[in-house]
Amino acid sequence: MKMIWQVYLSGEIHSDWRAEIAAAVKDAELPIELMGPNTDHSDSDDCGAVIMGEPESAFWRDHMGAKVNAIRTRTLIEAADIVVVRFGEQYRQWNAAFDAGYAAALGKSLIVQHPVEFTHALKEVDGAAMATCETVTQVIEILRYVTTGVLNR
């Protein structure tokens, strides 16, 4: 029986990097099941208030949403064999840094991807990673190699 690897994709939601990885996993028939956070920005922001009612302040609105989202995020990171965290060029991604730290604290295999100009700012995150990449293609090739043992030359 072939092992199916659980891979959690964390990080920026403003590009199609998750779809690129999903297509590569499917095309190469890799033994991977992909998981990730809710990437619908408004649903993610609004979930606590919509489900439990609008609070009196923006702080509590964000607090409720963060906690509801954390149920999914923490559960899926804990279930993952590998956590991929992508830091995109746009926006500060504190949630991605938090996910990377949480995965590292759990002893998860961590792959980090970010532009080279973020190297200094993310040195602690990179230090916890098993691999640090600059491109989605590099992430895909690492996933291919570790899940199949085949190096795509």
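Is Glu 54 buried or exposed? I looked this up first in the predicted model. Glu 54 has 54% relative accessibility, so it counts as exposed.

**Entry: salt bridges**

I found five salt bridges in the structure. In one of them, the side chains of Glu 54 and Arg 61 meet, N to O, at 2.6 Å. Arg 61 also meets Asp 46, at 3.0 Å from N to O. I checked where these two residues sit: Asp 46 is in helix H2 (residues 41-52) and Arg 61 is in helix H3 (residues 58-79). They lie 15 residues apart, and the pair links distant parts of the chain. Asp 46 counts as partly exposed because its relative accessibility is 26%. Arg 61 has 21%, so it is partly exposed too.

I then looked at Lys 123. It forms a salt bridge with Glu 124, with the closest N and O atoms 3.8 Å apart. Lys 123 is partly exposed at 42%, and Glu 124 is exposed at 55%. Through shared partners, salt bridges join Asp 46, Glu 54 and Arg 61 into one network.

**Entry: strand S1**

Next I turned to S1, residues 5-11. Seven of its seven residues are buried. On one side I listed Trp 5, Val 7, Leu 9 and Gly 11; on the other, Gln 6, Tyr 8 and Ser 10. Side chains in a regular strand alternate between the two faces of the sheet.

Which strands does S1 run parallel to? Four bridges join S1 to S2 (residues 32-35), in parallel. Trp 5 stands opposite Ile 32 there. The chain gets from S1 to S2 through helix H1 (residues 17-27), in a right-handed β-α-β crossover. Five bridges join S1 to S3 (residues 82-86), also in parallel. In S3, Val 84 is the bridge partner of Leu 9.

Technical notes:
Residues are numbered from 1 along each chain as its sequence is written. This is a predicted model: local features need pLDDT of at least 70, side-chain atom pairs count only at pLDDT 80 or more; totals for chains, interfaces and linings use all residues. Side-chain values use heavy atoms; hydrogens and water are left out. Buried means under 20% relative accessible area, exposed over 50%, partly exposed in between (1.4 Å probe, protein chains only). Two strands pair if DSSP finds at least two bridges between them. A crossover is right-handed if, with the strands pointing away from the viewer, the path from the first strand over the helix to the second runs clockwise. A salt bridge is a side-chain nitrogen of Lys or Arg within 4 Å of a carboxyl oxygen of Asp or Glu.
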